[in-house]
Amino acid sequence: MLTQTGYLNRLIDAKIARMLNVFGGVCVEGPKWCGKTWSALNAAESVFYVGDPAGNFQNRRLAEIDVSMALAGSRPHLIDEWQEVPGIWDAVRFEVDRAGEKGAFLLSGSSTPPQKGIMHTGTGRIKTVRMHPMSLAESGDSSSEVSLAALFEGRLDARATGSVELPALARLIVRGGWPGNLTAPAEDIAIAPRAYIEQVAERDASRLDGRSRDPHKMMLLLRSLARNESTLASNATLRRDIREFDDDEISEGTLADYLTVLDRIFAVYAQPAFNPHMRLSVRVGKKPKRHLADPSLAAAALGATPERLMRDLETFGFLFEALCERDLGIYAQALDGKLFHYRDALGREIDAVVELPDGRWGAFEIKLGANQIDRAAASLIALKRDMEKDATATPPSIMVVICGMTSFAYTRPDGVMVVPITSLGV
């Protein structure tokens, strides 16, 4: 394998290996700088870098002239940034069909073309896997002594998990889960995420398809998304937020186009709404939560430093929720599960829902301070009781409060589990 020196194992590694045993090709996609190429190299025997600048971007020109040049190499063969030459998708799909070989190709990409494959979507041939920045377990900032899988089995041994300091949590948010930022000096952890946001606004949004887009308006949108991180803000809310906070206007059409661009470069992701099959008399919300790819990008868009977050605990709380939901999504993916949220017409909410393939689901409330645990637990218990009274609803298998400022993992007498985010893992 082509594993790079200093590579930190990622939870997605096992999923990539499994999918290579099932499909002819695996496409690893996600935001720039999250570690896609290194994770793909960890499973590859050879590589073709479409974006290699050597020879005046000779590789790209070769692939455009004769796409088979990109496919040559020992297998599994990685084609990095394949979307620069979209015809590569169809070529890989065709070669997979022709050879009938499992695990032949890896593709990695930091954006999606308007359509994956002119001739064929790749269904049944190429499996797409979404990658995110590092979770705290992967970066070494969580002890992983509390297993999400074990929680679903009802196993949580009471234990001291070590002291947690509020400034440390603030630094984890501002630094983010970017592999290249883990070793940055403490005073410089905000620099790279800010540069990332500027790059998105000034270059990536227009480079995607060659259409000119206003960097100023894109930055306004990114700031609005950051201000509304971990909420159910609608497009109308984002437009109103831009008008109120930045004294500027963005049209409905421009907003829709810019959000599509951010989605295609994986700068945002959606946390879908969950439906536990409640009776029709209780309307369940369908609106997803919209997140920036990493809480550090929200902090960067707001100009937040660890010190500023300490002075604005409301913003701190929303960004802490985003960090926890990023991690829960990564851990759920490792268990072949999915991450959702819940809100119904009665105003009842669950910050995060993890659903496993067998249908079991867990309800997670996320709180920065330990003084909020009792209220969060009461909310979870009340909702579970309501669901147990409804024959059409499936109540949660577990109820968990994920907390920032607690140094113990334990199960309360009412059955609600309390877990520090810095102790959680797969």
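**Ground rules**

I am working with a predicted model, where local features need pLDDT of at least 70, side-chain atom pairs count only at pLDDT 80 or more, and totals for chains, interfaces and linings use all residues. Residues are numbered from 1 along each chain as its sequence is written, and side-chain values use heavy atoms, with hydrogens and water left out.

My labels come from DSSP runs: helices are H or I with at least four residues, strands are E with at least two, and both are numbered from the N terminus. For directions I use axes, which are lines fitted to C-alpha atoms (for helices over the stretch in contact), with angles from 0 to 180 degrees between N-to-C directions.

**Entry 1: the five-strand sheet**

I started with an open sheet of five strands in the order β2-β3-β4-β1-β5, where the pairing is parallel. Two strands pair if DSSP finds at least two bridges between them. At the edges I found β2 (46-49) and β5 (126-130), each pairing on one side only. From one strand to the next, the twist averages 20°.

Next I looked at β2 and its parallel partner β3 (residues 77-80), and found four bridges joining them. Which residue stands opposite Phe-48 in β3? I found Ile-79 there.

Then I checked helix α1 (residues 12-20), which lies across β1 (25-29), β4 (105-109) and β5. α1 runs at about 175° to β5.

**Entry 2: the seven-strand sheet**

This open sheet has mixed pairing, and I read its strand order as β7-β14-β15-β13-β12-β11-β10. β7 (159-160) and β10 (338-343) stand at the edges with a single partner strand each, so one side of each has no neighbour in the sheet.

Inside the sheet, β13 (residues 398-405) and β15 (residues 417-420) run parallel and are joined by four bridges.

**Entry 3: α8 against α15**

Contact means heavy atoms within 4.5 Å. In α8 I listed Leu-166, Leu-169, Ala-170, Leu-172 and Ile-173, which meet Leu-313, Phe-316, Leu-319, Phe-320 and Leu-323 in α15. How many residues of each class does this contact have? I read 10 nonpolar, no polar and no charged residues. Ala, Val, Leu, Ile, Met, Phe, Trp, Tyr, Cys and Pro count as nonpolar, Asp, Glu, Lys and Arg as charged, and the others, Gly among them, as polar.

For helix α9 (residues 191-207) and helix α10 (residues 215-227), I read axes that come within 9 Å and cross at roughly 140°. That makes α9 oblique to α10. On the α9 side I found Ile-197, Glu-198, Val-200, Ala-201, Glu-202 and Ala-205, meeting Pro-215, Met-218, Met-219 and Leu-222 in α10. The residues of this contact divide into eight nonpolar, no polar and two charged.

Helix α11 (residues 235-246) and helix α12 (residues 252-264) have axes 11 Å apart and pack at an angle of about 110°. α11 and α12 are therefore roughly perpendicular to each other. Asn-235, Leu-238 and Arg-239 in α11 meet Glu-252, Leu-255 and Leu-259 in α12. By class I noted three nonpolar, one polar and two charged residues.

**Entry 4: rings and backbone**

I looked up aromatic pairs, where rings of Phe, Tyr and Trp (its six-membered ring) have centres within 6.5 Å; planes under 30 degrees apart are stacked, over 60 edge-to-face and the rest tilted. The count comes to five aromatic pairs. One of them is the tilted pair of Phe-274 and Phe-340, at 5.5 Å centre to centre and 50° between the planes. Phe-274 lies in the loop between β8 (268-271) and β9 (289-292) and Phe-340 in strand β10, so the pair ties together parts 66 residues apart in sequence.

Where is there a cis peptide bond? I found it joining Arg-75 and Pro-76, with omega about 5°. Pro-76 lies in the loop between α4 (68-71) and β3.

Last, I noted Asn-56 in helix α3 (residues 54-65). Phi of Asn-56 is near 55°, a positive value in a residue other than glycine.

Key: Parallel < 35°, antiparallel > 145°, perpendicular 65-115°, else oblique.
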